[in-house]
Structure formats: C-alpha cells, structure tokens
Amino acid sequence: MGNRSIVLLALVLVALAALAVPGESQSPIKIGVIEPLSGPVAASGNYVRMGAEIARDWLNAKGGIGGRKVDLLIEDNKSDPKEAASAAEKLIVRDKVPAIMGAWGSSMTLAAMPKLEEYGVPMVVETSSAASITKRGNQWIFRISPPSEMEALGLEQYVDKLGVKRVDFLAVNTDWGRGSITAFGDMLKKKGAAVGVAEYMEQSATDMNAQLTKIKATGGDTLFLTTAVEQITLVMKQAQEQRLTRKVVTTGGSSSPTQLIKQAGAAAEGSYHIVFFMPWFPEAMPDGKLAKAFVDEWAKRGHPFEGLTEGFRGHDGIATIAEAIRVAGKDDPKAVREALWNVSLMGVNGPIKFEKDGPAGKESGQSKPSIFVVQIRDGKVALPDFLAKK
Amino acid sequence: MAELLQHLLNGLVLGGTYALLGIGLTLIFGLMNVVNFAHGEFYTLGAYVSFAALALAGIDFFAALLVAIVAGAALGWLCEITLLRPLRNESIDTTMLVMIGVWIAMQNAELLGWGGVAKSIPHPFPTAPLVFGPVAIAPVRLFALVLAAGLIAASWLTIQKTKLGRAMRATFQDRDTAALMGVGIGRIHAATFAFGSGLAAAAGALLGPIFLVYPSMGDLASLKAFSVVILGGLGNLPGATLGGLLLGIAEELGAGYISSGYRDAVGFVIIILVLLFRPSGLFARQERIA
Amino acid sequence: MTRAGGFFLAVGALTLPLWLQSPYHVHVAIMAGIFGVLAMSLNLLLGYTGQLSLGHAAFFGIGAYTSALLTLKLDWSFWPALAAAVALAGAAGLFIGRLALKLRGAYFVLVTISFAGVVSLVSINWIELTNGPLGLPGVPAPELGPWSLRTKTAYYYLVLAAVALSYVVCRRLVRSRIGRALVALRENEPLAESVGVDVTHYLVLATVVSAAMAGLGGSLYAHYTRFVSPEVFLFTYTVTMVIMVVAGGKGTLAGPLVGAVLFTVLPEALRAAASWQWQMLAYGLLLVLLVFFLPRGIVPRLAAAFPGRR
C-alpha cells in the first residue's frame, strides 16, 4: 500500500478513535454552551461566550456549586441549524450535561429544540427573539431574552416623547428582523403612527443604498433599524451619504453603540438604541454593583468594551442555570428543569424569574427582562434627550 | 427622476467593485482554468493587511494599499507553486477541491487571528458627500471607483502590450507551443495567479474603508466574482468589467424598483436569461468551454 | 470489491446500531447516510457526465421543503410526501436540464448557482408558503403502518434502505447503455454526437435522476431533524457534497459513500478532539492535505493499491 494512503488511513483511524472515546463524567458540574463561534455572526457568539466564562469563573471563585467546580463545554454551531442540533446531541449524550445555554440565533435554537424533548434536558435561551420559541409547547425551554413583542412593549411608553408620526422599517432579512418589524409595526399603529415602507437587507449585504433611496422618498420622520452592529454602521454611513435626515431607532439590542460611535462617527449622531444592558451607566441598572463588577471584570480581561451589550447575556444565562442547579441540589436534567420554575435571581440585566408561556399544559418559561433606551449625543452614549429633560 | 439617477450612480459604484473582483478571477479561472474558491479570501486578506498597515503600523493610506497588493500577490504566488503546480496535471475538480480547503483554512485562520469583530479601516477622505445636482456620492467611494478603473486599465494594458502579457496569453492558448518558444511555463502560471490574487487584494484594500473588515467578507465577493467572470466570458477582461457594471446596476435597480428582499434574485434571473440567449456569455466570441 | 468483502460490509451496516455505543453515534451514522444519498446524486452529474452542479443544495432543499410542507400543512402521511419530494425535485432537475441544454462547463455551473440562489431567496421571502427565515419546526416523524419511525434505530434503517436503493439505481444506470452514453459525453462530446448519441437527452436524464435523488435526501433530512429553514440552501451544503464526491473519488460508485462517511465523521471527531477555535481551521488543512496526497480521491487510490476484481 502506498505511503500516502497509509497517512490517510491513519488520519481516518485517529478520527474514528476520537469519536469512540467515551465522554467523561466525573466531579465537576458541566454546563453546555452552544453559540455561533465561526461564520458571519462569530463576533456576537464570542461575546456571549466571554460573558459565560466570567460567570463560570466567579462561581468557581466562590467554591462552585455545592462544592463542585463548574465546567463550561463550549460548542460552535457555525451559524448552521444542523450543527446546532448535532452539538446539542453531542453535549447531551456524550457529555451528559444537565443543562445547556444557547443557541443565539432563533433558527439554531429551533433546530436544537427537538433534541431537548427527545432526551429531556433543559436549555436557557439567552439571545433568540422569535416568539415561536416559547409558544411551541416545548417544556424544556426557558428564555431570558425578550421576544420582539416584549421589546416593542418596552418602547411603548416613549413613543409619544420620541414624536414618532410616520415610520419606515429597514431590517435584516431573518426571523429576527421580520419579527421585529411585525412587533414594532403593530405597537406603533396602536399608538396612532403611520407605517410607511418596510425594506429588507440580506444578512451579508454591504450595500443598502437602494433601500435607503426608497426610504428617503417616503418623507417619513423616523426609521426603525434592526440588524447587527456591522450592518447598522454601513446603513448609517450610507444614509449620511444620501443625506437622509430623520430619527433613527435601532432595536434588538445588538447595536453596540460604542462600536457605532467608533466606526460610523458623526453618521450615528442623534440615534436612539434599545439595549438590554447599559455598560456606560452600570449604576443605573437594577443591580448596580453587579453590573459595575461585570464591566470591570470584562475590562480586566482585555475584552473590547463594545462587546458588553451582548456579553452580559452569557453571564446571565450561566448564572440562571447555576442557580437552578443549586436549588435542585443535584445536576440532574429533570431536577434542574423543576428548579428553573422556582428560581428568582438577579442578573446583570435585572431580575430573572420565569413565567408560563405557550399552550396550556406544555408551557415554556419566559422571563421579563428590563429594556432600556440610550442615545448617541456629542459622540458619546447618553440617556435619551426626552428623558434627560425632566 | 432624481431617485433613478441616484440608483444608477449607486449601481455604477457597486458595479465597479464587482468588476474589480471579476478581472482578477477571470485571469485565474479563465486563463488558468482553476476554480478558485479562495479568491474571496485574497480579497479579505487585502483588507486585513491594509488594516494592519494603517491601524497598527501607522503607514500612510496609499502605501498601505500598495502593501496589501504586494501581500496578496506574494501569497498567491506561494499558493501556486506549493499547491497548484504539483496538481497541474490533475482534473479541474481536484484543483477546485484544494482551493476549497485553502478557502476554509484562510477564513478560519483570520477568525482565529483577528477575532470575529469587524474592523474599520481609517481613511484620509472627508466624510461629507460630494453633491452633483440631485445625486450624492461619498469621496472615498469616488476614489475607489477611479482607482478601480485605473487598475482595470493597467491590467488590460499589461496583458495586451507587455512581454509578460504576451507570454501569459501564449501559455494559456497553447502551452506546448509556448514552451517550445522558450516561455517559462511554471513562472507564467505563478505570475498569473499572483497577478489575479494581487488584484483581489487591491479590491479588498479599496473596499475595506467603505464597508467593514471581517473574516467572512470574502464569501459573497467570490460568488459575485464568478458570476461576473462567466457572464463576461472567461479570460475576457473588458467582458468582466462590463459584466460587473451591468450586474451592479441591475441589482441596484432591482432592489430599488422591485423588492429589496429579492435583490440578489434579480441578478440571478438576469444571469439565467443572458445564458439562455447567449450561452457563451455576453461578450465571448463563439466557443463554449469544454 | 470482492464478494466476501461486500457481504461483510452489508452485515456490518445492517447490525450497526447494535454495536455502536451511544445514540450520538447513531445520529452521526444517520447524517452520514443522508449525505451519502446526496453525494451519490451529485456524483451522477459530476462524476459521470463531467458537469458540475454547484446548486445541488437547491434540489436537496426543494425535497426537504416539499416533504415538510405536505406533512405539516396538508396532513399528508410521510410516504406520499416523500414521493412528492422526489418528484418535485426531479421536476426542478428537468427544468434545469432543459434550461441548460446548450450550456456546458462553467456556464452550466453558473446556471445551477443562479437557480439555487433564486430558490433560496424565494424560501426566505415567500413567507406565506415557507414561513420565511423562521422555518418550519415540528415536522412529523414518519410512520410505517402502526409503528412510528421516530426512534433513532428505526430511522437508521430507513436511511440505510434509501442508501441501498440509491446505490442500486446509480449502479444500474451507470452500467447500462445510458451510463455509457454519459461517459461518452464526459470524455468526448463532439465525438459522441458524431456517432449519433443524443448527448443532450442523456444529460437531461442524468440531471433529473440526480435531482430526484437529492430530493430523497432532502425529505429524509427534514423528517429526521424535524426542522427545515432556508439554511438548507446554504452554499456550504453544496460545498460539502462536492468535497465528499471529489475526495471520495468521483466517477466511482463507492467514492461518494466513502466521502460521505469520512466527511460526516470528521467534523464530529474534530468536535471531540479539538477545542472550538481550531476545529474549522484543522478541517481546512486536513482537506488540503487529503487532496494533495490523494488527488483522484480515496476509492481510486485504494482500487489501484488492490488491483484485481473491480
């Protein structure tokens, strides 16, 4: 047999052998984490991971849970639902984790959900915004991030102060973007505003000039923007080039205003942002001390400041799971699920407590996170002008 | 009417960037017959090198552009002699597969090295847009368009007028005869791949300041480049240029007047229609590629 | 492959769930089987006619969506839905085949890419039909008479049957007159035409069968993962199929299967062996190495090492 083929055969055998090694099950408490660590949204997935690692280290510094160390088993879902499902299977079956946090994007979470039911393991959803996740009657899902409807409700009180009369939407063409348009559109119509056009952009698109030209022609006064920070940067720069002058409100919490200031500069001036964490004013968060400690620890590790608006989700997700394991007294999946219904803890975002959501008898858990609005003024992040004017 | 003009201008700028991506690939795919899925990665490399030179080493913007082109060409040359040359006699699918491997490896190496967070490349142009009547364009985009046109023209001149260009054309038309006439085949292959990769890197360095720099930015670029190359006729530089411009304008008008959700679909449908009626692309002469 | 070897392989495949340690391994085996069907379908085009379809994920996705929609929205049972998926994917193949009548090489590739692009965008934007980016969760599991094929073991056997069926179809096709015509098309089209082989007719036929088989893979995928979203049209699925066919050995019957097993197991093995930062980088490098050492693919190399009975 040729030398080269032997090399290849060896590679194959090593691969198979690695697969055949059984997963370990010793003393540490293992928590599974599924995030997009490669692919187009790798930045966000990594921020969540960094937040999770801070939570783990804080737990272990305090002696772990019930004296046992906490171990995070981190899997990459490569921004692909099929991989999210495979990762869940591997974590549950091979590594025997009692709980998982994940999977960032709504379609990835939805793809992993059948596995949770198949094996009976709970998952804490930290970012996904699709309403259907908690409405499908999956009793192993517990979400701490707000669905778009909840987010829209959070903004309702400010709509009059913002002075929104004619609104246009520009959103990324995913479940998140579309769900946002529906939710905010309904809320705004109820408040008497007129909805103009709803335009979309592909997730990887870099040129939104066509959409902006159309929006410019409607004569509206406000633009609601839902996408990740990179695309927001591009939209703002291109809007500036087209001399589009109107109020901009970004939704979804992924706008990372600090990064926007750095990369969009003057183009971002005056824009409003719905966020779920205000790292610029940690004392204003429900638990000011915890928030400040988180911001400081993040900086100590050299992580970029702009990642804080997403990184806290990782912390809160792990903290929730850890608390449930503590309440349950053991790291058994079914016990953890029971305990999740009984936990009440303080996360970086605010209080976390699950309420029933979805069809009767098969409810999922949904917490009511805190929602904040900030504004970019004079090149800095500040409380919105309509609030500060009190 | 103002709206239409703005759409056309947007389309022209977009198309110019597609054209720049296309001409590099038309040399590699059209002449060397290599299905280079890693073409977009050289584009990304150009952007990251430019970023590194500017933001980290503090070099001047135009010098950084040059550094990016050289880096792209150098890596392309290296790729050709280490990976493609030994596989030169294998089928086109084999070289395609090896370039897929390079694509995956390069993108994930960048992810590992730079992280997934997008970087922005600082540029010396003012941010206020230039206004020409009813339409507006940012200075940095105008610069990119002008430079792209310059690079395209320079490439065409190189291929048509210089000794290197003649040697390249000879090699890919009839390798054996060219070899008999004393052309160093190996060197020409490496030079062609380096040339195409350098152009891709230039596109990345030019577009980086306009958009943002992140590891997966090359994927869409590769796809558009392939469309432009085939549309314009393989190995046909003017064809790739015109094809790029047409695709950009068509996409822009489609997004503006039909639907932004189906924006890319307009481009695809146009491609299908063109190939239905002109199976060798818009500008190629008679033959089909076997 | 010898008779005895084939027999042992069959026995091994049939009893696989019994000696695999965990459901996770059976999961990997099921995915390998589904991709085996997909790889074999692509091989019909790429390996035997020499035409590359870079939009093959479109047929896969059409099969998946058809099957999912019929069972979810119209309450069809699995088996007719499967048949419809195969038929619809095949029809799409017919459409492409006829569209691309005069196109070869790079132009055929571009048409397939464009078609896949359009179908992908339709699945994202035609919300009323496909539910758009939210996808279709809760696709039901198949049933065979009174038994539900929900369990992994049962599904494994379903997939195994599909793999066997696809293999047999490929083999019969390749060894028949049609197969010879396809090879003639691949090797020297003008010559084939000159001796009266209706090349275009056979190319269209190959495209239809190839697409239908990919549709079969799509339906199997939809009912196993129980969730279909526009990501099934992602280019990476097509790239994965191409890797499996070419690395396994295009133009051979066993090549795509070997490629499918290897490249389904490899990413999962890397998941276990390397931390997440290195997995994809290692995958890319391993691929480059593989192509370098085995440029014609695995099966042809093995066949050369063990000459004798084919």
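1. In this predicted model, helix α4 (residues 106–119) of chain A lies across strands β1 (29–35), β4 and β5 (141–143) of chain A, and runs at about 160° to β4(A). Helices (H or I, at least four residues) and strands (E, at least two) are DSSP runs numbered from the N terminus. Angles run from 0 to 180 degrees between N-to-C directions, with axes fitted to C-alpha atoms, for helices over the stretch in contact.

2. The strands of chain A include an open sheet of 7, ordered β2-β1-β3-β4-β5-β14-β13, with mixed pairing; two strands pair if DSSP finds at least two bridges between them. At its edges stand β2 (70–76) and β13 (355–357) of chain A, each pairing on one side only.

3. Within chain A, strands β3 (residues 100–101) and β4 (residues 123–125) run parallel and are joined by 2 bridges. Ile100(A) has Met123(A) in β4(A) as its bridge partner.

4. Chain A is divided into domain 1 (24–146 + 291–366) and domain 2 (150–275), with bounds from an automatic or database domain assignment. Their centres, taken over C-alpha atoms, are separated by 29 Å.

5. Across the boundary in chain A, 13 residues of domain 1 are in contact with 15 residues of domain 2, contact meaning C-beta atoms, placed from the backbone, within 7 Å. On the domain 1 side, the elements of chain A giving two or more residues are α4 and α13 (308–328).

6. Residues are numbered from 1 along each chain as its sequence is written, and chains are lettered from A in the order in which they are written. Local features need pLDDT of at least 70, side-chain atom pairs count only at pLDDT 80 or more, and totals for chains, interfaces and linings use all residues.

Technical notes. Contact = placed C-beta atoms within 7 Å.
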